[in-house]
Amino acid sequence: MTTADRIELARELYEQAVFGGDADALVTADRALDGVEADLALARGRVLHARYLAEEVEDPRELELFERAAELYRQLGDERGEGEAQFWVGCLHQVIRGDGEAAAPAFARARELATRAGDKLTLSYVLRHLAFLDQAAGRFDATRQLMEESTRLRREVGFLPGVAANLLALGYLAAEQGDPQRALGLVDEATQVAEASSAHGIVRWAEEARTDLAPAGDGAGRP
């Protein structure tokens, strides 16, 4: 059910209660509006996260919004929504606070819920960020497996900017494992996918990656 659907349902239930004399309809209306609140909290949290990525200043409301969304979705029995909100809780701890230990339980819960709900897009995000945890711990085989599975899911749902972002991550991983040719090949593929999907931000990331991963002495690397 979309946010608009929830609001329309609450309106209909209001009329059912007031004009039809069905006071029990208000309980269902409250649940519909709890869903609206959860949707809004999740959306506001994502906007604050995007602002952090641009400005690198944490807004304390972000975690509160994601946790509120997760709790409301849990109360509603909405596993897909709770899984997405739990992912963002983990992402905040990992990306903004650099705390992988705090992120791990939220990612684990998000993975469980997204898998049960069949939410392949959220699951692709979870696997990508679990891969980063493994990479930080030096578990490179596990990193590659998770990132490749995330990429497969993103191709399946047609999330091409996300595919390009994952290819860049795999490129950095290949370089870290001593395979610069494969690394640059993945960057080239990421560039093609990003350009085809008008993901201009990812194209810029690819340009930075090509500079970062250029072999020493070819004149293209950073000083």
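## A salt bridge within one helix

Because D141 and R144 stand three residues apart in helix α7, which covers residues 140-157, about one helical turn separates them. In this predicted model, their side chains meet in a salt bridge, with a distance of 3.4 Å from N to O. D141 counts as partly exposed, since its relative accessibility is 46%, and R144 is also partly exposed, at 26% relative accessibility.

## The chain as a whole

Taken along the principal axes, the box filled by the C-alpha atoms of the chain is roughly 80 × 35 × 35 Å. The chain has 223 residues, and 43% of them count as buried.

A199 and V57 are 142 residues apart along the chain, and their C-alpha atoms are separated by 24 Å.

## Other salt bridges

Side chains of opposite charge can pair when their charged atoms come close. The count for this model comes to 22 salt bridges, and one of them joins R6 to D78, with 3.7 Å between the closest N and O atoms. This pair links distant parts of the chain, for R6 belongs to helix α1 while D78 lies in the loop between α3 (61-76) and α4, and the two are 72 residues apart. Both R6 and D78 are buried.

A salt bridge also connects the side chains of D59 and R61, at 2.8 Å from N to O. Here D59 is buried, with a relative accessible area of 18%, whereas R61 counts as partly exposed, at 47% relative accessibility. Elsewhere, salt bridges link E79, E82, R109, E112 and R116 in a network.

## The largest pocket

The largest pocket contains about 690 Å³ of space. It is lined by 19 residues, and those closest to its centre are H49, L53, R128, H129 and W205. Several helices contribute to this lining, with at least two residues coming from each of α2 (25-55), α4 (79-96), α6 (120-136), α8 (160-176) and α10 (200-213). Sorted by class, the lining of the largest pocket consists of 13 nonpolar, three polar and three charged residues.

## The second largest pocket

The volume of the second largest pocket is about 180 Å³. Ten residues line the second largest pocket, and R128, L168, A169, Y172 and W205 lie nearest its centre. Helices α6, α8 and α10 each supply at least two residues of this lining, and the largest share, four residues, comes from α8. The lining of the second largest pocket has six nonpolar and four charged residues, but no polar ones.

## A nonpolar patch on the surface

On the surface, Y14, V18 and F19 form a nonpolar patch, and together these residues have about 350 Å² of accessible area. F19 is found in the loop between α1 (3-18) and α2, and F19 counts as exposed because its relative accessible area is 64%, which is over the limit of 50%.

Definitions and conventions:
Residues numbered from 1 in each chain as written. Predicted model: local features only at pLDDT ≥ 70, side-chain atom pairs only at ≥ 80, totals over all residues. Heavy atoms only, no water. 1 Å grid on protein atoms, 1.4 Å probe; cavity = no way out; pocket = protein on both sides within 12 Å on 5 of 7 lines; lining within 4 Å. Points joined across faces, edges and corners; volume = space filled by probe spheres on them. Nonpolar A, V, L, I, M, F, W, Y, C, P; charged D, E, K, R; others polar. Patch = residues over 30% accessible without salt bridge, like charges linked within 9 Å, V, L, I, M, F, W, Y side chains within 5 Å. Areas by Shrake-Rupley, 256 points an atom, 1.4 Å probe, with all protein chains shown as cover. Salt bridge = Lys/Arg side-chain N within 4 Å of Asp/Glu carboxyl O. Buried < 20%, exposed > 50% of the residue type's maximum accessible area, 1.4 Å probe, protein only.
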